[in-house]
Amino acid sequence: MLHFKMYEQLPLEAVQIRQEVFVEEQGFEVEFDETDHHARHIVLFDDEMPVGVCRFYLDDDKNAYVLGRVAVRKEFRGRSFGLMLVQEAEKQVRALRGDKLLLAAQTRVREFYEKQGYAAEGEEFLDEYCPHIWMSKAL
């Protein structure tokens with residue numbers, strides 16, 4: 001049975017998934033940062049197995065919530081778990097009275113976010129040699 005858990009601190013399950021996906025699979029070196037200390041972390045479980053994760057936080061400078069670190073374990077992809085994580089984050093941000101969600105998408109998954117109503121803003125930029133683009137959605 002699928003279910004979400006939200007954490008105020010970075011849980012071990014999120015560390016494991018992000019390590020697998022972003023560090024081991026995609027080669028990012030700077031995966032964990034200060035933002036992890038003030039973000040809320042959502043983990044998607046299939047029964048007791050953690051299968052996906054994301055985080056979100058309020059960015060006062062941008063006057064909006066920022067979604068990030070959306071990751072699904074390789075063996076669980078293709079089952080709409082990424083979509084479910086994004087929708088859960090949107091639900092949580094709405095509950096906090098947030099009206100806009102931003103994210104820095106890897107350009108290779110830009111279409112995934114566009115299908116969910118996100119629009120690109122500005123120019124592409126590199127994050128550890130990987131092209132990204134800021135995207136936003138009014139909630």
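In this predicted model, Asp 59 touches Ala 64 and Val 66, leaving aside residues up to four places away in sequence. Asp 59 belongs to strand β3, which covers residues 49–59. Its relative accessible area is 15%, and because buried means under 20%, Asp 59 counts as buried. The side chain of Asp 59 also reaches the backbone nitrogen of Lys 62, at 3.0 Å. A look back along the chain gives another kind of distance: Phe 45 and Asp 59 are separated by 14 residues in sequence and by 27 Å in space, taken from C-alpha to C-alpha.

Leaving aside residues up to four places away in sequence, Glu 88 touches Phe 4 and Ile 42.

The largest pocket has a volume of about 820 Å³. Its lining is made up of 38 residues, and those nearest the centre are Phe 22, Arg 69, Val 70, Gln 106 and Tyr 113. Among the elements that give two or more residues to this lining are helices α1 (12–25), α2 and α3 (110–114), together with strands β3, β4 (64–72) and β5 (100–106). Strand β4 provides the largest share, seven residues. Sorted by class, the lining holds 21 nonpolar, seven polar and 10 charged residues.

Notes
Residues numbered from 1 in each chain as written. Predicted model: local features only at pLDDT ≥ 70, side-chain atom pairs only at ≥ 80, totals over all residues. Heavy atoms only, no water. Contact = heavy atoms within 4.5 Å. Helix = DSSP H or I, 4+ residues; strand = E, 2+ residues; numbered from the N terminus. Buried < 20%, exposed > 50% of the residue type's maximum accessible area, 1.4 Å probe, protein only. Polar contact = N/O pair within 3.5 Å; in protein donor to acceptor, adjacent residues only side chain to side chain. 1 Å grid on protein atoms, 1.4 Å probe; cavity = no way out; pocket = protein on both sides within 12 Å on 5 of 7 lines; lining within 4 Å. Points joined across faces, edges and corners; volume = space filled by probe spheres on them. Nonpolar A, V, L, I, M, F, W, Y, C, P; charged D, E, K, R; others polar.
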